[in-house]
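Here are my notes on the model you sent over.

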Amino acid sequence: LFADPEANLRALNALIAQPRSPIVGDFAWQRLTPWRTLLAQFFDHPDALAELDQIEEVELVGRLAGKNGQSGLTANLLIAGWLASSLEWKPPGPMVRAKDGWRVTLRCGSGANEREVVLRIRLKRQTRTPGRVLSIMLRSDDNNPMPSLFRVERVSAEQIHTYSEFGGRRPMTRGVPAPVFTDSILLGRELASLTRDTIYESSLQRAVTLMPEE
């Protein structure tokens, strides 16, 4: 558990950037495996894949640090970094304080196809839902004749629900078994995959760029 997650993320990023840097494992990144998998599965459908070019808002909701110090900020920053690096969303700088969290407007595309994506991170103080990440939502502009919405939400210690609606199709929901990982499971996963994870490294780099300046 990092005493200062923001400072330690920057330290990890600096370490990875060095020549001949060691392989870095990150429990926070491992915890995001089911979230990243379920988000990616939305866009396995060719019609849904095209909706990525219409996304204009992303909202990430996590847990505010409690007595045990566990917070959803680090995990949500890594998710934001993963989305931004994978989809080539360019941040103008760090996130800034908003009414109930942080926000930033990202740029993507080029020329006549350039557009903006508003990214928000919110942390909830009181929630009965376990885990650090509570929900992830991507959606297009409500003014779109056929708006799209993709949401992944933890509903219990054992299950995550997904919701998708796009292209005028009937909304689809499903429940997915996804237990909250214990530290022993996370350690086992890290030891089983002692290879360099370039996706993690790119996501971490972008997450540090987005990190709010307090």
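1. Which residues does Val58 touch, not counting residues up to four places away in sequence? In this predicted model, the list is Leu83, Trp89, Val117, Val118, Leu119, Arg120, Met137 and Leu138. If you want a place to start looking around, I'd start there.

2. Val58 also turns up when you look at the largest nonpolar core, which has 51 residues. Val58, Trp89 and Leu119 are the ones that touch the most other members of that core. Helix H5 supplies its largest share, with 9 residues.

3. Now zoom out to the sheet. It is an open one made of 8 strands, with mixed pairing, and the order reads E2-E3-E4-E1-E5-E6-E7-E8. At the edges sit strand E2 (96-98) and strand E8 (172-177), each of which pairs on one side only. From one strand to the next, the twist averages 20°.

4. E1 covers residues 55-63 and pairs with E5 (residues 133-140) in the antiparallel sense, over 7 bridges. E1 and E4, on the other hand, run parallel and are joined by 7 bridges. Gly62 lets you see both pairings: it stands opposite Val133 in E5 and opposite Leu123 in E4.

5. Is E1 enclosed or open? Of its 9 residues, 8 are buried, so E1 is largely enclosed by the rest of the structure. For this count, buried means under 20% relative accessible area.

6. Helix H3 (residues 33-42) lies across E5, strand E6 (149-154), strand E7 (159-165) and E8, and runs at about 155° to E6. Helix H5 (residues 73-87) packs on the sheet too, where it touches E1, strand E3 (101-108), strand E4 (115-124) and E5. The direction of H5 makes about 165° with that of E4.

7. On to the charged pairs: the count comes to 10 salt bridges. One of them joins Asp183 to Arg31, with the closest N and O atoms 3.7 Å apart. Asp183 belongs to helix H6 (residues 183-192) and Arg31 to helix H2 (residues 27-31), so this pair ties together parts that are 152 residues apart in sequence. Asp183 is partly exposed, at a relative accessible area of 48%.

8. Arg122 and Asp100 make another salt bridge through their side chains, at 3.8 Å from N to O. Arg122 is in strand E4 and Asp100 in the loop between E2 and E3, 22 residues apart, and the pair links distant parts of the chain. Both partners come out as partly exposed: Arg122 has 22% relative accessibility, and Asp100 has 45%.

9. Glu114 and Arg107 also meet in a salt bridge, at 3.3 Å from N to O. Glu114 is partly exposed at 41% relative accessible area, and Arg107 is partly exposed as well, at 31%.

How values were computed: Residues are numbered from 1 along each chain as its sequence is written. This is a predicted model: local features need pLDDT of at least 70, side-chain atom pairs count only at pLDDT 80 or more; totals for chains, interfaces and linings use all residues. Side-chain values use heavy atoms; hydrogens and water are left out. Two strands pair if DSSP finds at least two bridges between them. Helices (H or I, at least four residues) and strands (E, at least two) are DSSP runs, numbered from the N terminus. Axes are lines fitted to C-alpha atoms, for helices over the stretch in contact, and angles run from 0 to 180 degrees between N-to-C directions. Contact means heavy atoms within 4.5 Å. Buried means under 20% relative accessible area, exposed over 50%, partly exposed in between (1.4 Å probe, protein chains only). A nonpolar core is a set of buried Ala, Val, Leu, Ile, Met, Phe, Trp, Tyr and Cys residues joined through side-chain atoms within 4.5 Å. A salt bridge is a side-chain nitrogen of Lys or Arg within 4 Å of a carboxyl oxygen of Asp or Glu.
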